Amino acid sequence: MKRIHLLSPRLANQIAAGEVVERPANIIKELVENSLDAGAARIEIDVEQGGIKLLRIRDDGHGIPKDDLPLALSRHATSKISTLDDLEAVSSLGFRGEALASISSVSRLTMTSATAPEEGEAEQAWQVEVEGREMAASIKPAAHPKGTTLEVRDLFFNTPARRKFLRTEKTEFNHVDEYFKRLALSRYDVAFSLRHNQKVIHSLRPAIRNIDKEKRVAALLGPKFIDAALHIDAEAAGLELTGWVGLPTFSRSAADMQYFFVNGRVVRDRLVAHAIKQAYRDVLYHGRQPAFVLYLTVDPALVDVNVHPTKHEVRFRDGRLVHDYLFRTLHKALADVRPDHQSAPTSLQGSGVLAAETSGLTSPALMANSQQRVTGIQAGEFSEQTRMSLLPGRNPMTGQRLGQTNSPAGVQEHLNAYQALSQPLNVGANVVTTEERVDPETGEIVTVQVENNQPQESDIPPLGFAVAQLHGIYILSQNEHGLVVVDMHAAHERITYERLKIAVDHQNVQSQPLLVPITISVSEGEADAAEQFADEFERFGVLLQRASPESIMIRQIPVILQQAETERLVTDMLADLMQHGSSDRIQAHRNEILGNMACHGSVRANRKLTLPEMNGLLRDMEDTERSGQCNHGRPTWTQMSMSDLDKLFLRGR
Ligand SMILES: Nc1ncnc2c1ncn2[C@@H]1O[C@H](COP(=O)(O)OP(=O)(O)OP(=O)(O)O)[C@@H](O)[C@H]1O
Ligand SMILES: [Mg+2]
């Protein structure tokens with residue numbers, strides 16, 4: 001029988017190291033966190049051979065007094081907390097008092113530190129390292145400015161089994177780089193640098209202004225992300241959320257660009273992940289991953305960070321509140337992405353600054369929110385034709401089929417509006433027009449009077465006026481900035497989908513009997529299902545009747561889907577409903593079903609649209625939530641500014 005004995009300090013520390021030190025990257029995290037806790041303004045990291053041979057972290061923090069140095073390397077020794085109360089509202093990154101002890105038990109570690117000299121005293125630095133099973137500390141004088149340098153050499157030299165798990169230098173360095181990104185994204189006010197084998201990989205100055213922060217994000221994650229990101233800055237219920245979320249059109253195949261910080265600490269949390277995923281659910285193509293860098297600030301007392309040795313997980317006291325808050329804030333931010341930048345809340349600012357430096361196309365959101373205005377089209381440059389096209393465009397498609405503009409009412413409206421327009425517009429003159437809108441409360445279409453006393457130039461709507469249609473697929477439109485290209489099917493699909501959602505939500509799907517009911521043949525099982533799901537169909541605005549054992553009659557379909565190929569629409573809906581079975585699941589898949597319906601009801605490619613129809617679509621896009629992407633997350637429109645075009649033609653202005 002073996003007798004019980006105490007483990008030597010080194011062995012105990014080596015066991016503890018198993019939890020937090022898996023590879024060089026983990027050491028970077030621990031040491032940089034210590035530097036941040038020490039109030040450093042500048043942190044320099046040097047790495048050799050992926051960090052296996054050497055890691056050196058140098059900071060200009062407050063340093064460690066000589067007498068405390070041996071303690072810094074021993075287990076359960078910390079300057080950061082002393083009571084349980086401290087632990088329950090911890091505001092430093094470290095608090096366990098074991099990182100340095102663990103690291104020094106599996107590597108050759110030296111720590112050199114100097115505090116600010118007392119008055120009249122000379123500057124003096126000290127160096128500490130530990131040896132043997134007992135990890136006895138030895139101290140000697142050294143030269144070092146105020147701050148601390150940690151050198152970690154030969155990781156796992158004394159634990160060969162663990163050393164075997166290290167990968168190639170390149171792989172290990174990639175991990176180091178990833179951890180570096182997280183740290184550098186966690187504190188913009190601190191300067192960071194990273195060198196690998198003497199080569200500078202990153203060198204980041206402190207960033208205080210938002211534009212500089214965005215530059216840092218671009219330097220770390222690539223300019224594409226920030227170019228296609230929405231800036232978030234929201235606060236409610238004691239929670240604050242800031243940062244950037246990628247537009248759905250900037251989705252990724254892997255979840256590799258997702259950074260979430262809680263009180264400055266990067267965390268991976270299922271609750272958070274779920275809330276974000278849900279916020280994107282409606283706008284992201286299936287299987288795609290959103291990109292984001294988000295910072296949640298909460299009262300430290302409301303979040304428990306002592307859940308996991310690496311502190312990568314947290315527990316919120318009120319998880320539901322946090323979940324709801326995240327979901328709501330992001331859902332709203334994504335819904336507000338639309339061409340009309342006036343309608344975007346002021347808390348959301350586009351990150352247009354960097355975009356101005358890059359050439360090429362600008363993303364919709366950028367243009368939507370960009371402060372910078374490309375001038376070049378003076379008022380009055382708009383041709384008579386484009387003016388004319390403004391007219392009935394105000395309200396097609398609201399219950400009307402696209403393309404029904406030659407109905408008598410349509411023509412009359414067209415003429416009236418044309419007359420109104422052809423009268424000279426005085427600057428400052430009040431022009432009252434009527435507009436049809438979907439009331440978000442009731443889902444009903446309401447007519448509102450819009451008083452317009454803006455000068456003419458700002459009457460150009462965000463998406464401009466259509467000038468032509470390209471190959472029956474794209475609408476070309478001229479706006480203040482230049483050329484807008486719209487994928488008309490994608491745009492119409494989104495609009496129809498959003499309208500259907502509102503209508504179904506308010507149990508107010510306007511449906512219209514077919515003049516001639518359509519009978520379609522189906523299998524007996526399908527006909528049974530059609531009867532079984534009659535209520536569901538009705539909720540979606542479709543009225544069916546069984547005509548025979550193997551046929552059903554379509555009596556009524558939603559008004560906004562009058563365009564659709566009715567037979568296909570109903571058979572597809574039937575397939576959807578049968579697939580989702582019970583009515584709970586139908587509810588859960590409601591949006592998917594509506595999405596499929598919208599797809600059928602939308603203008604097909606290769607359909608010729610008149611200018612008024614095109615303008616109608618543009619105006620509807622401006623009024624519709626999430627109209628920047630189609631239901632599958634593809635963009636619905638893009639902007640080419642005059643300067644983009646000038647660049648194409650090497651035309652200097
Ligand atoms: N770069 C540094 N500058 C100043 N003091 C430091 C530095 N690194 C470590 N220390 C001191 O050494 C102590 C031990 O550090 P260590 O990382 O082992 O534990 P901790 O940070 O307190 O807790 P944790 O194990 O959670 O990281 C710290 O509490 C701090 O007082
Ligand atoms: Mg620490």
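Trainee: Where does His76 sit?
Mentor: His76 is in the loop between helix H3 (69-72) and helix H4 (84-88). Bear in mind that this is a predicted model.

Trainee: What is the phi of His76?
Mentor: His76 is not a glycine, yet its phi is positive, at about 55°. Most residues other than glycine have a negative phi.

Trainee: And is His76 buried or exposed?
Mentor: His76 counts as exposed, because it has 10 C-beta neighbours inside 10 Å and the cut-off for exposed is 12 or fewer.

Trainee: What about Gln198, which also isn't a glycine: what is its phi?
Mentor: Gln198 has a positive phi too, of about 70°. Gln198 lies in the loop between E7 and strand E8 (199-204). With 8 C-beta neighbours inside 10 Å, Gln198 counts as exposed.

Trainee: How many residues lie between the strands in the hairpin of E1 and E2?
Mentor: There are 5 residues between the two strands, and Gln49 in this hairpin takes a positive phi near 50°.

Trainee: Which residues of E1 are on the covered face, and which on the uncovered one?
Mentor: In strand E1 (residues 42-48), Ile43, Ile45 and Val47 make up the covered face. Arg42, Glu44, Asp46 and Glu48 make up the uncovered one. So Glu44, the residue opposite Ser193, belongs to the uncovered face of E1; as a general matter, nonpolar side chains in soluble globular proteins tend to be buried together.

Trainee: New topic: helix H11. What should its span be, and what is it in the model?
Mentor: Helix H11 covers residues 319-335, so its 17 residues should span 24 Å at 1.5 Å a residue. The C-alpha atoms at its ends are 24 Å apart, which agrees.

Trainee: Which residues of H11 are buried?
Mentor: The buried ones are Val322, Tyr325, Leu326, Thr329, Leu330, Ala333 and Leu334. Down the axis of H11 they fall within an arc of 145°, so they line one face of the helix.

Trainee: Why would residues three or four places apart point the same way?
Mentor: Because an α-helix has 3.6 residues a turn.

Trainee: What covers the buried residues of H11?
Mentor: The cover includes strands E9 (229-236), E10 (239-246) and E15 (315-316), along with helix H10 (270-280).

Trainee: Which residues touch the most other members of the largest nonpolar core?
Mentor: That core has 90 residues, and Ile28, Ile103, Trp244 and Val245 touch the most other members. Helix H7 (residues 169-186) contributes the most to it, with 7 residues. Both domain 1 (9-204) and domain 2 (210-337) supply at least three residues to the core.

Trainee: What does Val245 touch?
Mentor: Leaving out residues up to four places away in sequence, Val245 touches Ala229, Leu230, Ile232, Pro290, Phe292, Leu294, Leu330 and Ala333. Leu330 and Ala333 are among the buried residues of H11.

Trainee: Is Val130 buried or exposed?
Mentor: Val130 is buried, because 23 other C-beta atoms lie within 10 Å and 20 or more is the cut-off. Val130 is in strand E4 (residues 125-131). Beyond its neighbours within four places in sequence, Val130 contacts Leu73, Ser104, Met135, Ala136 and Ala137.

Trainee: How do E21 and E22 each pair with E23?
Mentor: Both pairings are antiparallel. Strand E21 (residues 511-521) is joined to strand E23 (residues 551-558) by 7 bridges, and Ile518 is opposite Ile554 of E23. Strand E22 (residues 543-548) has 5 bridges to E23, with Gln545 opposite Met553. E22 and E23 form a hairpin with 2 residues between them.

Trainee: Last one: how many helices and strands are in the protein chain?
Mentor: The protein chain has 23 helices and 24 strands. Of its 653 residues, 39% count as buried. Among contacts between residues at least 6 apart in sequence, 70% join residues at least 24 apart.

Conventions:
Residues numbered from 1 in each chain as written. Chains lettered and ligands numbered in written order. Predicted model: local features only at pLDDT ≥ 70, side-chain atom pairs only at ≥ 80, totals over all residues. Helix = DSSP H or I, 4+ residues; strand = E, 2+ residues; numbered from the N terminus. Expected span 1.5 Å × (residues − 1). Arc of directions from axis to C-beta. Contact = placed C-beta atoms within 7 Å. Core = buried A, V, L, I, M, F, W, Y, C linked by C-beta atoms within 7 Å. Domains from an automatic or database assignment. Pairing = 2+ DSSP bridges.
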